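Have a look at the sequence and the fold first, and then read on.

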Amino acid sequence: MEGPASEEAERLADEAARGGPVSEDAELYPAVYGCTEDDPAPHFLGWLADVDPDELFATGAAWGVTVRRVTAVRD
């Protein structure tokens, strides 16, 4: 993902990762995290529906790839 959609998705994932109480009815979305050459610390790479974690790892584009279920909070 690139552009505004990617930036918004990353912002939402970062907000969710910072925590705080999550209501029981909050929806969880699968987000892909991993390390890249540009940023070796684990960070949001995209939503599972938009990126293939196996392909990212197989091509060497990312490593330490995980899928986490996070809430996406909208203001």
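A quick word on terms before we start: a residue is called buried when its relative accessible area is under 20%, exposed when that area is over 50%, and partly exposed in between. By that cut-off Phe 44 is buried, because its relative accessible area is 5%. Keep in mind that this is a predicted model.

**The overall layout**

The protein has two helices and three strands, and along the sequence they come in the pattern α-β-β-α-β. Of its 75 residues, 28% are buried.

The strands make an open sheet of three, in the order 2-1-3, with antiparallel pairing. Strand 2 and strand 3 (63–71) are the edge strands; each has a single partner, so one side of each has no neighbour in the sheet. On average, neighbouring strands here are turned by 35° against each other, if direction is ignored.

Now for the pairings themselves. Strand 1 and strand 3 run antiparallel to each other and are joined over seven bridges; on that side, Leu 28 has Thr 71 in strand 3 as its bridge partner. Strand 1 also pairs with strand 2, again in the antiparallel sense, over four bridges. There, Tyr 33 stands opposite Phe 44 in strand 2, and Gly 34 has His 43 of strand 2 as its bridge partner.

Five of its five residues are buried, so strand 2 is largely enclosed by the rest of the structure.

**The core and its rings**

Which residues make up the largest nonpolar core? There are five in all: Ala 31, Tyr 33, Phe 44, Trp 47 and Val 70. Strand 1 (28–35) and strand 2 (43–47) are the elements that give two or more residues to this core.

The structure holds three aromatic pairs, and two of them are set out below.

| Aromatic pair | Centre to centre | Angle between planes | Geometry |
|---|---|---|---|
| Tyr 29 and Trp 47 | 6.2 Å | 70° | edge-to-face |
| Tyr 33 and Phe 44 | 5.8 Å | 75° | edge-to-face |

Take Tyr 29 and Trp 47 to begin with. Tyr 29 sits in strand 1 and Trp 47 in strand 2, so their pair ties together parts that are 18 residues apart in sequence.

Put together, Tyr 29, Tyr 33, Phe 44 and Trp 47 form one aromatic cluster.

What lies over the face of Tyr 33? That would be Arg 68, at 4.0 Å from the ring centre.

His 43 lies in strand 2. Is His 43 buried or exposed? His 43 is buried, with a relative accessible area of 16%. Its side chain reaches the backbone oxygen of Asp 39 at 3.4 Å.

Glu 37 has its place in the loop between strand 1 and strand 2. Glu 37 and Ala 62 are 25 residues apart in sequence, yet their C-alpha atoms are 7.5 Å apart in space.

Technical notes:
Residues numbered from 1 in each chain as written. Predicted model: local features only at pLDDT ≥ 70, side-chain atom pairs only at ≥ 80, totals over all residues. Heavy atoms only, no water. Core = buried A, V, L, I, M, F, W, Y, C linked by side-chain atoms within 4.5 Å. Buried < 20%, exposed > 50% of the residue type's maximum accessible area, 1.4 Å probe, protein only. Pairing = 2+ DSSP bridges. Axes fitted to C-alpha atoms, helices over the stretch in contact; angles between N-to-C directions. Phe/Tyr/Trp six-rings, centres within 6.5 Å; stacked < 30°, edge-to-face > 60°. Lys NZ or Arg CZ within 6 Å of the ring centre and 35° of its normal. Polar contact = N/O pair within 3.5 Å; in protein donor to acceptor, adjacent residues only side chain to side chain.
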